[in-house]
Amino acid sequence: MAAMTVTWGCTDGQATRHPVDDGVHLLCAVPAGLLPVPLNDLGRRARLVSAVLRGDPPAQQASVAVAYAVALAYRAQNTQNIDRLDFCYRLAQLGGDGVLADRLARVAALGQHSAAEATVHLSPDTSDRCRISVATAAFLRHPAGPAAAAAFAAAVADPASARIAAALAGAYSGTTALPHGWLRDTTRTSIVSDAADELAALASRRQSLRTG
């Protein structure tokens, strides 16, 4: 589950010591992407979460983009061959950010390149837009492998990018794809597991109401 991949590498103390540099405002938007709600409502909730940590509109917009990316990954059909062009196009449309859209266009054209080639192609920096685009590239390169996606993003950019990439792959592939070591080392695993179970139950109830 995406929530577990975020808690890996983002321990209790880190978020307090480095609330901006670690991209915590982006990571906190991940659970919003798992909510079984319409995408428009999902974006609103992600923006509210971000506002608690960062008041500036660009940071909030980036957090919303992360939530949308998680939602697209979570709702995608679980196959090894996710459509990278469609994913990038939909995320660019939902994100509503022209600069991010340009970066995502580069990601769509990246193909199955290595991390070294992606570094040259994507020209990474420390911006939120870069973190999202690099995380997206890593996820599309390794959609069913959270560990591989995290390693790819870390090699191209920074730890925050790696955490987002792992969250996307975790949302797409589920808990069975998570390395045992991540689950063993994650703090408060039971709390995260309970939250994931509650989200799954909520999604099931909403589906039952729609089909009943």
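Biologist: What should I know about the model before reading anything off it?
Modeller: It is a predicted model, in which local features need pLDDT of at least 70 and side-chain atom pairs count only at pLDDT 80 or more, while totals for chains, interfaces and linings use all residues. Residues are numbered from 1 along each chain as its sequence is written, and side-chain values use heavy atoms, with hydrogens and water left out.

Biologist: How many helices and strands are there in the protein?
Modeller: Helices (H or I, at least four residues) and strands (E, at least two) are DSSP runs, numbered from the N terminus. Here there are 14 helices and 0 strands.

Biologist: And what percentage of the residues count as buried?
Modeller: Buried means under 20% relative accessible area and exposed over 50%, with partly exposed in between, using a 1.4 Å probe and protein chains only. Of the 212 residues, 47% count as buried. As for contacts (heavy atoms within 4.5 Å), residues 24 or more positions apart account for 71% of those with a separation of 6 or more.

Biologist: How are two packed helices described?
Modeller: By the angle between their axes and the distance between the axes. Axes are lines fitted to C-alpha atoms, for helices over the stretch in contact, and angles run from 0 to 180 degrees between N-to-C directions. Angles under 35 degrees count as roughly parallel, over 145 as roughly antiparallel, 65 to 115 as roughly perpendicular and the rest as oblique. Take helix 8 and helix 10: their axes come within 9 Å and cross at roughly 25°. That makes helix 8 roughly parallel to helix 10.

Biologist: Which residue classes make up the contact of helix 8 with helix 10?
Modeller: For classes, Ala, Val, Leu, Ile, Met, Phe, Trp, Tyr, Cys and Pro count as nonpolar, Asp, Glu, Lys and Arg as charged, and the others, Gly among them, as polar. The contact of helix 8 with helix 10 has 9 nonpolar, 2 polar and 2 charged residues.

Biologist: At what angle do helix 9 and helix 11 pack?
Modeller: Helix 9 (residues 115–122) meets helix 11 (residues 146–156) at about 50°, with the axes 9 Å apart. That makes helix 9 oblique to helix 11. A115, A118 and T119 of helix 9 touch F152, A155 and V156 of helix 11. The contact of helix 9 with helix 11 holds 5 nonpolar residues, 1 polar and no charged.

Biologist: Which residues of helix 9 are buried?
Modeller: They are A115, A118 and L122. Seen down the axis, these buried residues fall within an arc of 55°, so they line one face of helix 9; the arc is that of the directions from the helix axis to the C-beta atoms. The face turned away carries the exposed residues A116 and V120. Cover for the buried residues of helix 9 includes helix 8 (98–110), helix 10 and helix 11.

Biologist: Is R103 buried or exposed?
Modeller: R103, in helix 8, counts as buried because its relative accessibility is 13%. Its contacts, leaving out residues up to four places away in sequence, include L122, S123 and D125. S123 follows helix 9 and has a positive phi, near 45°.

Biologist: And where is L140 found?
Modeller: L140 is in helix 10 (residues 128–141), and L140 counts as buried at 4% relative accessibility. L140 and A108 are 32 residues apart in sequence and 9.0 Å apart in space, C-alpha to C-alpha.
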